[in-house]
Amino acid sequence: MEKTFLMIKPDGVQRNLIGEIVSRFEDKGFKLAGSKLMQIPTELAEKHYGEHSDKPFFGELVEFITSGPVFAMVWEGENVIATARHMMGKTNPQEALPGTIRGDYGLTVGKNVIHGSDSPESAAREIDLFFEEAQLVSYDKND
Ligand code: CMP
């Protein structure tokens with residue numbers, strides 16, 4: 001079954017949005033396969049956002065994602081990668097539609113509440129960066 005990596009960013013954790021956001025994905029029908037509240041070390045943040053290392057906002061991005069605890073998650077379900085991206089809304093909360101997570105809760109392109117993998121390759125890479133195999137469960141047998 002398809003898996004994706006989602007992460008509630010420091011602004012979302014600080015604003016007590018973990019429960020609300022987890023509920024949205026549960027209500028949609030996806031299954032939580034792993035989760036942890038954690039402080040991201042700088043080295044991990046730089047690896048996670050490696051594809052943005054040449055962007056002018058890279059320093060700001062790493063500084064923000066390491067500024068407080070994040071809630072890292074793996075979610076499982078059919079087409080979960082693309083569907084979760086739809087549910088998150090556009091990267092810039094000013095363009096994200098109401099009803100999406102960023103449209104309802106995001107403030108700025110940096111403080112946009114949630115990160116989600118954008119492709120199967122990113123999902124595999126990001127899950128591997130944040131979780132060990134033994135920290136994940138599968139619901140396949142319970143469906
Ligand atoms: P995310 O989905 O976590 O992936 C990369 C992040 O870069 C993105 O969400 C935004 O939060 C952030 N980002 C994109 N553009 C900018 C920008 N111009 N300034 C600061 N952060 C940005």
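**Exercise 1. Find which residue of S3 Met7 stands opposite, then describe the pairing and the sheet around it.**

Step 1. Met7 stands opposite Ala72 in S3. Strands (E, at least two residues) and helices (H or I, at least four) are DSSP runs, numbered from the N terminus. This is a predicted model: local features need pLDDT of at least 70, side-chain atom pairs count only at pLDDT 80 or more, and totals for chains, interfaces and linings use all residues. Residues are numbered from 1 along each chain as its sequence is written.

Step 2. Six bridges join S1 and S3, in the antiparallel sense. Two strands pair if DSSP finds at least two bridges between them.

Step 3. Go out to the whole sheet. Four strands make an open sheet, ordered S2-S3-S1-S4, with antiparallel pairing. S2 (31-38) and S4 stand at the edges with a single partner strand each, so one side of each has no neighbour in the sheet. From one strand to the next, the twist averages 15°.

Step 4. Axes are lines fitted to C-alpha atoms, for helices over the stretch in contact; angles run from 0 to 180 degrees between N-to-C directions.

**Exercise 2. Work out which residues of H5 are buried, and what covers them.**

Step 1. List them. In H5 (residues 80-88), Val80, Ile81, Ala84, Met87 and Met88 are buried. Buried means 20 or more other C-beta atoms within 10 Å of the residue's own; exposed means 12 or fewer; partly exposed is in between; C-beta atoms are placed from the backbone.

Step 2. Locate them. They lie on the same side of H5, because they cover an arc of only 130° around the axis. The arc is that of the directions from the helix axis to the C-beta atoms.

Step 3. Find the cover. It includes strands S1 (3-8), S3 (70-76) and S4 (114-116). Helices H2 (18-28), H6 (101-105) and H7 (120-130) also belong to it. Contact means C-beta atoms, placed from the backbone, within 7 Å.

Step 4. Look past the end. Just after H5, Gly89 has a positive phi of about 85°.

**Exercise 3. Describe the setting of Thr91.**

Step 1. Thr91 sits in the loop between H5 and H6.

Step 2. Thr91 is partly exposed, because 14 C-beta neighbours fall inside 10 Å.

Step 3. Leaving out residues up to four places away in sequence, Thr91 touches Val109 and Asn112.

Key
Two residues are in contact if their C-beta atoms, placed from the backbone, lie within 7 Å.
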